Amino acid sequence: RLVGSEMCIRDRIGIIPLVVFTLIFINTYRAKAISQRINELQTRGSIICNLVVSSAYFTSDSGAEVDSELTQVADIFGGRILIADSDLNITRDTYGLEEGKVILLEEVVRCVNGADSKFVSQSENMVELVLPVHNPESNSIDGVVVMNFSLNSVNTLYDSMQSIAITLVLVLGLIILVISVLYSGQIVMPMNCLLYTSPSPR
C-alpha cells in the first residue's frame, strides 16, 4: 500500500510542472499578442500622420483619403480615432461625438509641445496611443492623432485558451492518476501474494 501511495503522490507532483508551463505559455502568448497589436496600431497611426501632412489636412478641404484611412483602421481594429490640430481643437472623431471641442489630455499637450515623440497607455482592456503629426517641411508639430482601441478580442482568445488548457491538464491529470492507481495495484498484488505465501518462522 505504501508503494502505491508513493507512486500516486509522485504522479500528482509530476503534473505541477505541466500546469506551471501551461500558465507561462498562455501568459506569454497574451503579452506577445498585445505587443503585436500595439505595433500594428503604431504602424497604422504613422500612416495616418503621414497622410494628414501630405494632404494638408488642417489647411485644406482635401481630407477624403485621411477619412477613408481613419474609417478603415477604426473598423478593422474596433476602436476610436481622433485628430486634433496644434491648438488642441478636435477636427475629426470617428465616433462623431467630440468634433469642434478641445482636447486637454496631458499626453496630447506634451506631444503637441514636442515633449514626447509618442505616448502609449495600456490597461487591462484598452490601449491608447497618442502620435504627433510632425511636418518635416516646417519642422513643427501640426497636431496629434489619438487612438483608443479595445483589447477584448485578445482577452477573449486568452480566456478561451486558458479554459481549454485547464481542461486538458485536468483530463490528463485524471488519466495519469487512474493509470498510476491501476499500475500500483499490479505491483502491490504480487508483493501481497509473497507475504501471504511465505512460510511462517518456526
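Me: Which side chain does Asp67 meet in a salt bridge?
Reply: Asp67 meets the side chain of Arg92, at 3.0 Å from N to O. A salt bridge here is a side-chain nitrogen of Lys or Arg within 4 Å of a carboxyl oxygen of Asp or Glu. Keep in mind that this is a predicted model, where local features need pLDDT of at least 70, side-chain atom pairs count only at pLDDT 80 or more, and totals for chains, interfaces and linings use all residues. Residues are numbered from 1 along each chain as its sequence is written, and side-chain values use heavy atoms, with hydrogens and water left out.

Me: Where do Asp67 and Arg92 lie?
Reply: Asp67 is in helix H2 (residues 64-77) and Arg92 is in strand E2 (residues 90-93), so the pair ties together parts 25 residues apart in sequence. Helices (H or I, at least four residues) and strands (E, at least two) are DSSP runs, numbered from the N terminus.

Me: Is Arg92 buried or exposed?
Reply: Arg92 counts as buried, at 17% relative accessibility. Asp67 is partly exposed, with 26%. The cut-offs: buried is under 20% relative accessible area, exposed is over 50%, and partly exposed is in between (1.4 Å probe, protein chains only).

Me: What does Arg80 form a salt bridge with?
Reply: With Asp93, and the closest N and O atoms are 2.7 Å apart. This pair links distant parts of the chain, with Arg80 in strand E1 (residues 79-85) and Asp93 in strand E2, 13 residues apart. Arg80 is buried at 18% relative accessible area, and Asp93 is buried at 1%. Salt bridges with shared partners join Arg80, Asp93, Glu98 and Lys101 into one network.

Me: How many salt bridges does that rule give?
Reply: Seven. One of them joins the side chains of Arg37 and Glu40, at 4.0 Å from N to O. Those two are three residues apart in helix H1 (residues 2-54), so about one helical turn separates them. Arg37 is buried, at 17% relative accessible area, while Glu40 is partly exposed, at 33%.

Me: OK, back to the strands. In which sense do E1 and E2 pair?
Reply: Antiparallel, over three bridges. Two strands count as paired if DSSP finds at least two bridges between them. Ile83 stands opposite Arg92 in E2. The hairpin of E1 and E2 has four residues between the strands, and Leu88 there takes a positive phi near 70°.

Me: What's the overall pattern along the sequence?
Reply: It reads α-α-β-β-α-β-β-β-α, with four helices and five strands in the protein chain. Of its 202 residues, 35% count as buried.

Me: Which element has the lowest mean pLDDT?
Reply: That's helix H4 (residues 152-197) with 70, while E1 has the highest with 94. pLDDT is the predictor's confidence in each residue, from 0 to 100. The protein chain averages 80, and 82% of the residues score at least 70.

Me: And what about residues 1-5?
Reply: Their pLDDT is below 50, and beyond near neighbours in sequence this stretch has four contacts in the model. A contact means heavy atoms within 4.5 Å. Where pLDDT is low, the predicted coordinates should not be read in detail.

Me: Last one: where does Val109 lie?
Reply: In helix H3 (residues 106-112). Val109 is partly exposed, at 30% relative accessible area. Its C-alpha is 9.8 Å from that of Gly143, which is 34 residues away along the chain.
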